[in-house]
Each structure stands twice: as C-alpha cells, then as structure tokens.
Amino acid sequence: MGQHFVNKLKFTSNYNVIKKLLDQSSEFVHLLTSGNTFPAKDFIDLRQDLSQLKTPGSYIEQEVLFNLKASLFVINEIIIYFENTEDEEYPQLKSLVDQVYFPVELLPEAERIIDEKGNIRDNASENLKRIRQSIIAKQKKVFRETKKAFENAKKSGFVPDNSEVTIRNGRSVIPLKVADKRSIGGIIHDESATGQTVFVEAPISFEINNEIRELESEERREVIKILVVFTDKLRPSIPDLFDAYRFLGLIDFIRAKALFSIQTKASQPTISKTKSLELKDAKHPLLYLTLKEQQKSVIPLELYLSAENRILIISGPNAGGKSICLKTVGILQYMLQVGLLVCASPDSIFKLFDNLFIDIGDEQSLENDLSTYSSHLLNMKYFLRHSNNKTLVLIDEFGTGTEPQLGGSIAEATLEQLNNKQTYGVITTHYTNIKLAAERMNGLVNGAMLFDSKEMQPLYKLQIGKPGSSFAFEIARKIGFPENVLNIAKKKSGGKHVRFDQQLQQLEIDKIKLQKQQQKIDSTDDNLNRMVDKYNELLSSLEKSKKQIIKEANEEALTIIESSNKAVEKTIRDIKEAEADKTKTREIRSELVKKKEELIDFKDVGNKNQETRGKKQDKRGKKKETIAKKKLPKQIVDNKPISPGNYVKVKESNIIGELISLKGDDAVINVNDVKLKTSLSKLEKAQAPKQTTSKRKGYNDIVSDINQKAANFQLSLDLRGKRADEAMSLLQKYIDEAILLNMSEVSILHGKGWGILREIIREYLQSVDEIKRFGDAPLDMGGSGITKIYF
C-alpha cells in the first residue's frame, strides 16, 4: 500500500497541497525522533481478500483471518496513539485519523476465534471444543492399543531388534520382520528401504483411526461454520475497512518519507509566494548518501535567485561541480513539489514553479535520426515555446555540440528570449559570449565554481557575481598532458587571457583565506577580552578582601582597648582590696606598667605601619593629583545615560575607553585599540583622556601582569601542615590565579593524615563552577594524599 502511494507521487504547483504533504512528513519526523514507540509492523493490505467476501455465503480463509486480526490491531494502535496526543502536536496526522471509522467490535471477535499462531481456538464454539476433546481421547487410545500390540509382537519375536513404534501416513504402525508380516493381521502401510521390515497398523488401531478421521472431517465443517458466522458479521463493515486500510497505507507512506528525511537530514523550508529562491546549506541527497558511506562530507551549496537576477550562468573548470550545482537545484525543487522534505537548511526559501524544464546529458538517437546537437535544439525549441515567468529551466553545457562560434550565438539568442519571458533558470557553460551576456543583460547573473590554481584542485564552492575560468591548461597539465603541446596552445590562444583568468581566480582564493584568518583573529580577540574580564574580577575580589582585612583589624583594635580598660579597672579594684598596702600597691602598679608597655609596643608597630602606609598614600595622592591636574581639564561629567560615543570607566579599575556599541546590558568599549566586552552595570561615565604616546600603557600593564603571573605560577600547591583557615586562604587565591591563567589541570598536596584538610579542600572545590572534575592522583603520583583538579 505504501509503495502504491510512492508510485502516485507527482509534481504539483498547488501551494496548499504541497504545504499539507510537507507538514505531514515534518510531523512524522518529529514523532520518530521524539523517542516514543510507534506501531511499525503488520502493515498488510487485505483489500483484495475482503473484496471476495462481498458475496453472501462466502467465508474468510483462516490465514486471511490471522492477517486481518494483526492488521486491525496495528490500525487500532495507531488511532489510539494519535488520540492520546495533543491537537497542536500533530495536527495534520490527527486529521487523517479523524477521517477513519474503525469497526472496533471486529477485533475482539477475531481475537476470540484465532490465536497468536494462526490456529482456530478450541473455545471458538462449544461443538468444536467437544470434537477436539474426542479426537484427543481417541488418539490416546490408539497409542495405547498400538503399544500393547507392539509389546506382544516383540515377545513373539516378530519385531526386528532395536525397533520402536513409528508413524506412517499419519498413523501409528508396528515394525515387523517381512517373514512375519501376517502374524498380527492389520494393514501394511510401508516397508523399509532394504525390504526386510514392513510397517503394519494393528487391527484395533485401524478402527479407532477411522473414527478419528471422521471427527477431523467434522472439525473442518465446524471451523468453516465459525468462519462463515464471522464473515457475516464482517461483511457490512467492508467499506469502512477499505478506508481503514487506505489509512494504514498512507501512514506507511508518510513514515517512509520521514525515515528518508532523517536519513538524508532533510528539513521543511519556507515556501515563498514572492519572486525569490534562496538555497542555504543545500546538498544533493544521492551525493550525500554516497559520500556518507565513504565517510566523506558534501560541500553545501548556497544559491540565490530573485526577480532582478532570475537566471544564473555558472562557469568554471571541468569536474569542478557545475553539473552537481544544477542537479542539486533541480532535485530539491522537484522533491519539494512532490511533497518531500528537502536536503537544505530550514532557513531556505523556495518558490513554486508550474514548469520544470531540464536539458542534461546526451539524447542522441539512431532511431529518430537525432545527433547530440539536434536533440539539444529540439529541447530549446520546446523551452522557448512553453516557458513563462513560472518556469524553472535547467540547462547543462549550454550551446555545446556544434561549432563553438555558431553554437554560442544560438545559445546567446535563446538566452535572451528566455530572459524576455521572465523565466528562472540555472545554466552551465564554458562559452565566453554567454558569460559576457550575463554581465550585459538585466535579469542574468554570473557565477563561478572556485578552483585553487596553486593546489591545482577544485573547491566545489559556488560564488555568485563573477564568471569563472575553465582552467583548461591547468587541468591538462595536472593529468600529464605533453608540456610542449600546451606551450603551443598557449601561444595560439593568447597568453593574456590565460594570465587574466589565473589572476582573477587566485584573487578570490586569497580573499577566502584572508577571511578565514580574520575569523581566527576575532576569535583570539574574544579570548583576550574574556581573560581581561577575569583579571578585573580578580582585582575586584582582592579589593573586597582588603576591606575585610581592615574591618577585622579595627575589630581587633576595639578588643585591645576593651582589654586595657579591664586591666585598669582590675588594678583599681586590687589596690582598694589591698587597703593601700605599699608593697602590694607597687606590685599592682608594676603589672599595670607591663600591660601598658605591651599596648604601647603594639601601638608603635601599628603606628609605624600606618605612617608608612600614610606616607605612601600621601605621595600617591599628591602624585595622582598632580597627574590629574596635568592630564584632565576641569570638566563636569554630565548625568545623561551612557550611550555609544561616551568615554566610560570600568568600576573599581583604572580602565577608561570609548563605548563603541551597546545592546541591552552588553557593552563593547575601545581601550587603546583593544575591544573589551563587558556589561553596562560595570561601567560609569568618565572624562575623555588626552592622547599620549603611551596610550596602550593600561593594556600593556595588564598583559605584563598576566605574563608575570603565568611565569611564576606553580602547577601544584603544598598545603601540608597548614591550619584550615590558612589553607583555605591560600587555596582560594591559587584557584583564582589558575582560572585567570586558563590552566587545564593543577594538583593540591594535603597529605593523608586524618583526612580533615582533604575534606575541607574538596568541599570548597565543589562550589567552583569553573572546575570540571577532581579526584585522587594515581597511586604512583601520591594517591589520596594529592587531589588532581581539572578545569
């Protein structure tokens, strides 16, 4: 049934029909790739068998009933599958289900009559059950009587040695020696190959077997009676079953289209009612499948036709891919207009055509007295007569087959007429006059298949806008054509033409290479921007740590002050308790002096450090003030929102640059000709700095700082013997630097011991998003005493 629908595939330009067929295939692709199990067996066509049952008195064959049961089951499963899905998930497929009326009462009835092996069940009727029980009972009796007669004959010496009861003609028989064949009576059914043994059915078994044969005949009559009754129930539903089987065949057909689409990675493109045709990432399905088996890839085709450039003239070297481009356009357009998904990007845009005219290959015919060129001319005649603005023309090797100058002139004239009819087309050629016509006439555009003249190989890429060279000399040289003959040919053809073609094509090759290099540079620039962002984040983190340290120092100072106050109060209290005893008072005062000296020592150290920091800060402040006075004029930064063109500063850093672009919260700034990507929330307005000879100083400082960190960075950190808080501080700083420097892996030495430090370290590592995994080092490298970290 599915093959029948495949054979009915036909070209159409009806938008609604094509859209419906594509939607069906696309929905089934989604169904098959969603992971759900879909019924996919017993797609059996029983329409011819059912047609024979329309006559009253006829009955369904047992084998046909078995197939009917299996196919009714799968139809029911498909209907239930789509009924359990949402309407918007598979709208086109569900609409097919809605058109089917399924006689549900037939399936349980068929299930009651026939089993999974295709046999009529014993309980299909009471009479059948009784008959089969009688047959079984008599078969057992036959076996007993035959066995008894065998034992008697064996005792009498009538049975050959090593013989047993066997079966001949469906009956149990006893093997007897030929001389004793009449010894027990009965019927002889067979003899051995040597003629020394005969097989005799015992007289009593013979009578019982005849009774069994009568019961088997009665069984067949009862089975036919059951099938007749079922057929009478089935007959009114035959028209509905025809629709159900048509539905089953249609599902099989759509499923086959979907499987082919998955195999060829096809998708549903946009069908445009405008005048454009745009192919993106297009591949010829047969070429794709062939190269896939060879584990090779297809270079995709990018092609665009519009109302302004309707006819594409492709030129280029032989074996460069011109014909494949033309055939790819043709096969994909045809696939679309018969309702198949196409091997192209879903972003592709297709236009519907009423006519698809093709002239490919050699159609010379001895019977019709046609040469190659004559057959081409007949095709051109037909094209000119029937083409219009809804026609796609595909012509390979346009104008060949006759004298080049005359053939080229006829081809150019034909091309003009097709262009006047607003026809769309893809045409391949080697003729220079056709290439020049494409440059001259509106509606035509040149295209070239690129060829690497340095590597001497085709690139199989289409470039629209310029004509290509045939590279006849290069290809001839590659296959080993005599060099002296090529030199003579160059002189005859004119060297300038050859050199111009080479230079034109090589410029295109160099352009492609430069574009690739530019992509690499852009990628490297992005990596640098990310590294600078990480560096700025690290600086911000260090600044926060600095504030935390100052806060802790202040809290410690307050603790010291409270301690000194308590010491004074204790001294006063002790003096009072000593009741002004001079000796005791001197001792208490001595203790207070010691406490005072301790506090003075701590204060002096703090003051020295503070003075040193104060002097440095004072010097830096004066220096910055002097630089600011020199560098920046007294300007007021306005409060307007930040916009491209403003100078901005990255918060908590000294990086100042010009804002180039702003998309949402994503900002790009130019800092000394280096583009940095950051978020708007990290920026604030700044005054424009004056241009100096050291404008890249900030960038160079960052790079120098990163390089210095990289040079001093160790691939392992030893935390053995450290306290937990000290170890965590060192670990956090170490991990931050490793992330900043894009390290791939590092090691932490914590020792084995009690494992406490190891647990604390690993608990922290789990919280770092940049860490991919971590675990014990190999046994020969330290085992559980070292933790290996992979970023």
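Modeller: An open sheet of four strands runs in the order β1-β2-β4-β3 with antiparallel pairing. Strands are DSSP runs of E of at least two residues, as helices are runs of H or I of at least four, numbered from the N terminus. The model is predicted: local features need pLDDT of at least 70 and side-chain atom pairs 80 or more, while totals for chains, interfaces and linings use all residues. Residues are numbered from 1 along each chain as its sequence is written, and side-chain values use heavy atoms, without hydrogens and water.

Biologist: What makes β1 and β3 edge strands?

Modeller: β1 (166–168) and β3 (187–191) each pair on one side only.

Biologist: How do you know that β3 and β4 pair?

Modeller: Two strands pair if DSSP finds at least two bridges between them. β3 and β4 (residues 197–201) have four bridges, in the antiparallel sense. Asp190 stands opposite Phe199 in β4.

Biologist: Why is the pair of Phe82 and Tyr90 called edge-to-face?

Modeller: Rings of Phe, Tyr and Trp (its six-membered ring) pair if their centres lie within 6.5 Å; planes under 30 degrees apart are stacked, over 60 edge-to-face, the rest tilted. The centres of Phe82 and Tyr90 are 6.3 Å apart and their planes at 85°, so the pair is edge-to-face.

Biologist: Why does Phe82 count as buried?

Modeller: Buried means under 20% relative accessible area, exposed over 50%, partly exposed in between (1.4 Å probe, protein chains only). Phe82 has 1% and therefore counts as buried. Tyr90 is also buried, at 1%.
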